[in-house]
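Thanks, everyone; I would like to take a few minutes on one model today. Please have the sequence and the structure open while I talk.

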Amino acid sequence: MLSAVTDLGSIESTVSKNLPVVSIHQLGLCLSRASASVLNLNCSLILLPMCRTLLAYLRGSQKVPSRRTRRLLDKSRTFHITCGVTICIFSGVHVAAHLVNALNFSVNYSEDFVELNAARYRDEDPRKLLFTTVPGLTGVCMVVVLFLMITASTYAIRVSNYDIFWYTHNLFFVFYMLLTLHVSGGLLKYQTNLDTHPPGCISLNRTSSQNISLPEYFSEHFHEPFPEGFSKPAEFTQHKFVKICMEEPRFQANFPQTWLWISGPLCLYCAERLYRYIRSNKPVTIISVISHPSDVMEIRMVKENFKARPGQYITLHCPSVSALENHPFTLTMCPTETKATFGVHLKIVGDWTERFRDLLLPPSSQDSEILPFIQSRNYPKLYIDGPFGSPFEESLNYEVSLCVAGGIGVTPFASILNTLLDDWKPYKLRRLYFIWVCRDIQSFRWFADLLCMLHNKFWQENRPDYVNIQLYLSQTDGIQKIIGEKYHALNSRLFIGRPRWKLLFDEIAKYNRGKTVGVFCCGPNSLSKTLHKLSNQNNSYGTRFEYNKESFS
Amino acid sequence: MGQIEWAMWANEQALASGLILITGGIVATAGRFTQWYFGAYSIVAGVFVCLLEYPRGKRKKGSTMERWGQKYMTAVVKLFGPFTRNYYVRAVLHLLLSVPAGFLLATILGTACLAIASGIYLLFCFSEWNVSVLESGRITHVQFLFLFMTYMM
């Protein structure tokens, strides 16, 4: 907004310096230039939140010590969408202004300053102007590309048909190429020889009537105060014979500013994509595939030089399943110094995961948990991209954290728990409240062993209040206990029914007075909204709840 | 790729093109371009397309997110019966509506966008047709007519 206003102001003053330009087009020029400057800014900024490797690096590096700055990185997708909407709106303004300009160019063709005209002759059909000039044609193509991209990016399409969104959004590269051509047309010109041909000077080989009409025209159409250095019309009519032109005016096209704006982020983004491509070109080695109840599959793998922090996610690409699709999964186990294995838990929902499971686990053995020894180890080639950052990494940096998981949303917290199992002392975290809500009792078996081990470890180290586990079974029919003697600790922490969040928040506030508690939620949207609302409410114990929001599609 | 439901995207596109037509029409009539009556037509066509496309159609599988307040418009749209329910008719209707707006510079973008939306609806119809022919093994008389025309060409 600010750039539009300042540019509008500067355009008005530049326009008033160059009279001939004003006589061809007035408001249309100002609007189109102002919206162009807004578009310049947004087209350059919109690429920055998409450099995910760079953002993950910034999140983890010591150069960003403030938690507030790191939380800004959580909003990168929202920022990208805001820039996109702004581009959409201002493109509309820009196109409308240019349509008016095209008409004005053809109707008000100036015979005095032939170089400044965009039209080739008077009353040239504006449609010809649009389609036969480079800026016109590239502009029309850009609007069509933008139209396709924006209609496919609405929330409804992303939720139902992610493929359409993904494939059309890759047209952004065409858009940028067209944009670089669009500004190279050289339509806007500035005068290069202002000293030998100042504006309003009298040319000796022209009749004086032509020049006398200019001041009247000028005073009619301009009522704003003139910038300093430019004489008023009253003075001007008195001194009209003073300035004499030495030579004809010469015009040169302005250097396209857009190239300066978009070259930086575009190069950065291309460099990042190249780096990600080179890094993900080597396939991973799958160590084991484990089938869990409730349609969940765990894959453990190793890769050279792969480092990840707990809470980060990777994208899996399996050409045998689908040549073009990438799917993101949070790491449930990160590689450590002693153990290079890392793993993901996938829930089988949708055609890609179903086909992936059929490739990894032959259908005959899917029901049983024990895999037969004679199974051949011909796993398909799997490529991973990442790791990319997420807000859940921050849970280790709060003194007290509340982590709420819904169903398969437990995966980011599983990597946190695995890390705590390894070594909890290097992190700032001193108390973790872990709440896991599931519909099916069998789902708890995904990480029941991990939770039991963690619980035992902290009891051994005499820190029983470090991890507070609460499991909730939201559907009340069926089995209501985790089968197994070693799960006694979990069964005593298992509640039937939905959690009562207000009471929970009050309890946590009471036991952690005056502290800042980080709230993390990975689950359905309704759960996320409830927790966000509760975190923003005040409580009488002086405890602050900071809600860290993760945005999925 | 074969499982993409094009109709939803075409619906979003047609709604957006309706808005573009309205905007272009306003620019044309306000600026008093030559042949500004095309601009007036474009506003009317834009409003009609927006109202027709506002109710989001039901998806084949999965839940459909309804637009806010769409049930009032759905009642009106349903009155026209097969003319609005059938996507073939919608595709042809959009194509015909977009042509007059193409004569004026201000609304030419609306034409392009509505034509693309009509194309995507046609794409959906053909992909539907393929699926239904494969599934049922029988073809309806409309599909037979299309087959006949393509054979003649």
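This is a predicted model: local features need pLDDT of at least 70, side-chain atom pairs count only at pLDDT 80 or more; totals for chains, interfaces and linings use all residues.

As for polar contacts, the rule finds two residue pairs across the interface of chain A and chain B, both at pLDDT 80 or more.

On the side of chain A that touches chain B, at least two residues each come from α6 (76-107), α7 (126-132), α8 (134-151), α9 (155-160) and α10 (162-169). By class, the residues of that side are 20 nonpolar, five polar and three charged.

Turning to the extent of the interface, 28 residues of chain A are in contact with 24 residues of chain B, and the two chains bury about 2300 Å² between them, with 81% of that on carbon and sulfur atoms. Within chain A, the residues that lose the most area to chain B are Leu99(A), Arg127(A) and Phe147(A), which together account for 25% of what that side buries.

Let me now move to a helix pair inside chain A. Helix α4 (residues 52-60) packs with helix α14 (residues 257-279) at an angle of about 85 degrees, and their axes are 8 Å apart. The angle therefore makes α4(A) roughly perpendicular to α14(A).

Which residues meet there? From α4(A) we have Arg52(A), Thr53(A) and Leu54(A), and they meet Leu268(A), Glu272(A), Tyr275(A), Arg276(A) and Arg279(A) of α14(A).

Notes:
Residues are numbered from 1 along each chain as its sequence is written. Chains are lettered from A and ligands numbered from 1 in the order in which they are written. Side-chain values use heavy atoms; hydrogens and water are left out. Contact means heavy atoms within 4.5 Å. Buried area is the accessible area (1.4 Å probe) that two parts lose on being put together, summed over both. A polar contact is a pair of N or O atoms within 3.5 Å; within protein, one must be able to donate a hydrogen and the other to accept it, and residues adjacent in sequence count only if both atoms are side-chain atoms. Helices (H or I, at least four residues) and strands (E, at least two) are DSSP runs, numbered from the N terminus. Ala, Val, Leu, Ile, Met, Phe, Trp, Tyr, Cys and Pro count as nonpolar, Asp, Glu, Lys and Arg as charged, and the others, Gly among them, as polar. Axes are lines fitted to C-alpha atoms, for helices over the stretch in contact, and angles run from 0 to 180 degrees between N-to-C directions. Angles under 35 degrees count as roughly parallel, over 145 as roughly antiparallel, 65 to 115 as roughly perpendicular and the rest as oblique.
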